Amino acid sequence: MMGKRRVVLAVALLALVVAVAGYEDEERWSRGRRHGGDEGGTGRREGDDWFLLQESKHVVTTDAGSMKVVKGFGGKFMQSPMHIGFITMEPKSMFIPQYLDSSVILFVRRGEARVGNIYKDELVERKLKTGDIYRIGAGSAFYLINTAEGQRLHIICSIATSQSLGHHALFQSFYIAGGTYPTSVLAGFDHLTLSTALNVTEEEVGEMLTRQDNGPIVYLSNTTEHSPSLWSKFLDMEHDHKTAQMKRIVRIRAADDSHSDSDSQQQQSTWSFRKMLVSFMEWTDKKKGSREGATTGKGPDAYNLYGRDPDFKNDYGWSMALDEKDYSPLSHDDIGVYLVNLTAGSMMAPHINPMAIEYGIVLRGAGTIQVVYPNGSLAMNAKVSEGEVFWIPRFFPFCQIASRTGPFEFFGFTTSARKNWPQFLVGANSLLQTMRGPAFAAAFGLTQERMDAIIDSQRESTILPSATVAPPDEARPVKADI
């Protein structure tokens, strides 16, 4: 009996905590509604930042590139399903081999890249171009190379919330390669253990773990502007010397006796890493034309968003959504992808997402995001521009409106890999049309004739002309380099 009372008491206490958290959130929203009003003509009101993600952190910064992470929405008792990452890499640079405790979905915003990652114990290499989507699973070792001669690489990625570092953690990189900066995870083992595992001397282990000090993103070639790095020195070696160096670093100790299952798994994992390094070595030793040739390894290919027809298109813009039926790797993380382009002065009709939370990144232009609370009051009416990140809760009505100055393009992720089935509230394909009738008109206090006249006035669907409500020609500062 006492045990049951304790369980009941614990459940009641948990319910109280959740209720208090919900009350605090509602109070925050209420304060935004009560004290609303324009600030300096910017179109923003207090509380507007609730749906704009502005907490960011640079997790990597080197001469060769950087990575910035925008933290997803979350609080004391609610964890964000994802964060948004921005990776920028200079020409002929490399994000060195590592693995993450979070899965990532890459979107190549601009440039060309080559990614190598371990998939089912095999190295898979893929050439990526602008518009490509590619998934890297949590715990899968990978590297990323900017293959363009004179163009920066810009990548936007979803980052699943870390499950290993606590509630407020973003994610954790485990660098396989490295030295003094970054530090390789191999450096955590004592040198005797590591020298035994690699079958080399402790001096060779020390040399291997102290040479790299240029950071997680490094240049691959010597230039007059950049001092030679360990990676560039390695690439300048003759092929035979590089082969010998790689074998010396990743040589597996031959075993005369049979191995246990755990030993076999460890050996298999080590050989996978060896495949990655040797493949990278062989690829960099080929001619330029070969570098841009066919990809290798059996595994999922990339999916190019710009290579498919839009799901919807009219004179005012187009939109597309990618789900697990289009690109099966999305099902592993239950994440969808979308891309929308609105012409100047047009709007995505007010709608709701019944299946998922939506995260969006402004790729080009400027516009306004409007979000509505369940009680029918305006939650946000904020101007956004290139590089800004927003989120829309599931079921909340919202719309996007392009500025009159030019096209408004935004890309994003949803928290469901299934078809989202957005429900449009107005327009020729809206709920107003499908629910029309005497009872529906009476719910608005109108006659059916008057209701029909109102809802039939809009002949367009999904993306609508909206010059009268489009934001003025103001532009806000760019928030991220995308």
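Modeller: Before we start: helices (H or I, at least four residues) and strands (E, at least two) are DSSP runs, numbered from the N terminus. This is a predicted model, where local features need pLDDT of at least 70, side-chain atom pairs count only at pLDDT 80 or more, and totals for chains, interfaces and linings use all residues. Residues are numbered from 1 along each chain as its sequence is written, and side-chain values use heavy atoms, with hydrogens and water left out.

Colleague: Okay, is S103 buried or exposed?

Modeller: S103 lies in the loop between β5 (93-100) and β6 (104-110). Buried means under 20% relative accessible area, exposed over 50%, partly exposed in between (1.4 Å probe, protein chains only). S103 comes in at 6% relative accessibility, so the word is buried.

Colleague: And which ring-pair type do F73 and W391 form?

Modeller: Rings of Phe, Tyr and Trp (its six-membered ring) pair if their centres lie within 6.5 Å; planes under 30 degrees apart count as stacked, over 60 as edge-to-face and the rest as tilted. F51 and W391 have centres 5.6 Å apart and planes at 45 degrees, so that pair is tilted. W391 is buried, with a relative accessible area of 5%. For F73 and W391, the centres are 4.3 Å apart and the planes at 15 degrees, so this pair is stacked.

Colleague: How many residues apart in sequence are the parts that F73 and W391 tie together?

Modeller: F73 sits in the loop between β3 (65-70) and β4 (82-89), while W391 belongs to strand β22. Both are buried. Their pair therefore ties together parts whose separation in sequence is 318 residues.
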